[in-house]
Amino acid sequence: MYSLSRKAEDYLEAILNVILEKGYARTKDVAGVLEVSPSSVVEMFRKLDAMHLVEYRKYEGVTLTDKGRAVAEVIKFRHDTLKRLFLLLGVPDSVADEDACLMEHELSEESIRQIRLFVDFLDSGGVSVDIGKAFAEFCRAGPDKKNVK
Ligand code: FE2
C-alpha cells in the first residue's frame, strides 16, 4: 500500500483529525494532539511536505495533499475500527485510544477488514443478544469464576 514510518502516519492522522475538527491544522494544534514540541512538528511538516503528503506554509500550518489525505484516512479508519473493538470489550476510552494507535500501524489489511465487519455486524443488530452488554455482565461476574488470570 505505502511505506511510511509510524511517526509519519501518526502525524498524518493527527493532522486529519485537527482539520476535521477545525477546518485547518496549525502547528500548535498538532503539537497539542501529539504532545510534542512545536519545533518537532515543524520538522515533520517539512519532511511530509518534501514527500508531497502535506503542504506546509510557515506561520499558517498545513493542509493535506490528496495523497496525504488518502494515507491519513486509512490510518484513521484503522484507528476507529480498533477503538470500536476495544470499547466493545469494555476497555476504558483513553486506553482504547492508546492501544488503537499502537495497533493501527501493524495489523494486516485482512485483519482490519474482518474486525471492521465484526464490529459493524455487532452494531447492526445482526445478533439477538447485545454482545457488549452480555460480555460486560460476564466480566462483572469476577475473574474467580472464570479462567482469567
Ligand atoms: Fe491513531
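Which protein donors does the iron ion have, and how far from it do they lie?

1. **Basis of the model.** The structure is a predicted model, in which local features need pLDDT of at least 70, side-chain atom pairs count only at pLDDT 80 or more, and totals for chains, interfaces and linings use all residues. Residues are numbered from 1 along each chain as its sequence is written, and side-chain values use heavy atoms, with hydrogens and water left out.

2. **Iron site.** The protein donors are Glu-13 (OE), Glu-13 (OE), His-79 (ND1), Cys-101 (SG), Glu-104 (OE) and Glu-104 (OE), lying 2.3 to 2.6 Å from the iron ion. Donors are N, O and S atoms within 2.8 Å of the metal (3.2 Å for Na, K and Ca); water is not among the atoms, so sites may look incomplete.

3. **Geometry.** The arrangement is irregular because the six donor atoms subtend angles of 53 to 150 degrees around the iron ion.

4. **Position of the donors in the chain.** Along the sequence, the donors of the iron ion have the spacing E-x65-H-x21-C-x2-E. Glu-13 lies in helix α1 (residues 6-22) and Cys-101 in helix α5 (residues 93-103), so this pair ties together parts that are 88 residues apart in sequence. Helices (H or I, at least four residues) and strands (E, at least two) are DSSP runs, numbered from the N terminus.

5. Glu-13 is buried, at a relative accessible area of 5%, whereas Cys-101 is partly exposed, at 26%. Buried means under 20% relative accessible area, exposed over 50%, and partly exposed in between (1.4 Å probe, protein chains only).

6. **Nonpolar cores.** In the largest nonpolar core, which has 25 residues, Leu-12, Ile-15, Val-30, Phe-45, Leu-48 and Leu-64 touch the most other members. At least two residues of this core come from each of α1, α2 (27-34), α3 (38-50), β1 (54-57), β2 (61-64) and α4 (66-88), and α1 gives the largest share, eight residues. A second, separate core of eight residues includes Leu-85, Phe-86, Ala-96 and Ile-112. Such a core is a set of buried Ala, Val, Leu, Ile, Met, Phe, Trp, Tyr and Cys residues joined through side-chain atoms within 4.5 Å.

7. **Surroundings of Leu-48.** Apart from neighbours within four places in sequence, Leu-48 is in contact with Ala-8, Tyr-11, Leu-12, Ile-15, Leu-53 and Val-54. Contact means heavy atoms within 4.5 Å.

8. **Overall fold.** The protein chain has seven helices and two strands, in the order α-α-α-β-β-α-α-α-α from the N terminus. The C-alpha trace spans about 60 × 30 × 25 Å along its principal axes.

9. Glu-35 is in the loop between α2 and α3 and is exposed at 73% relative accessibility. His-52 is in the loop between α3 and β1 and is exposed at 56%.

Terms used. Four donors count as tetrahedral if all angles lie between 85 and 135 degrees; four count as square planar and six as octahedral if opposite donors are over 155 degrees apart and all others between 65 and 115; anything else is irregular.
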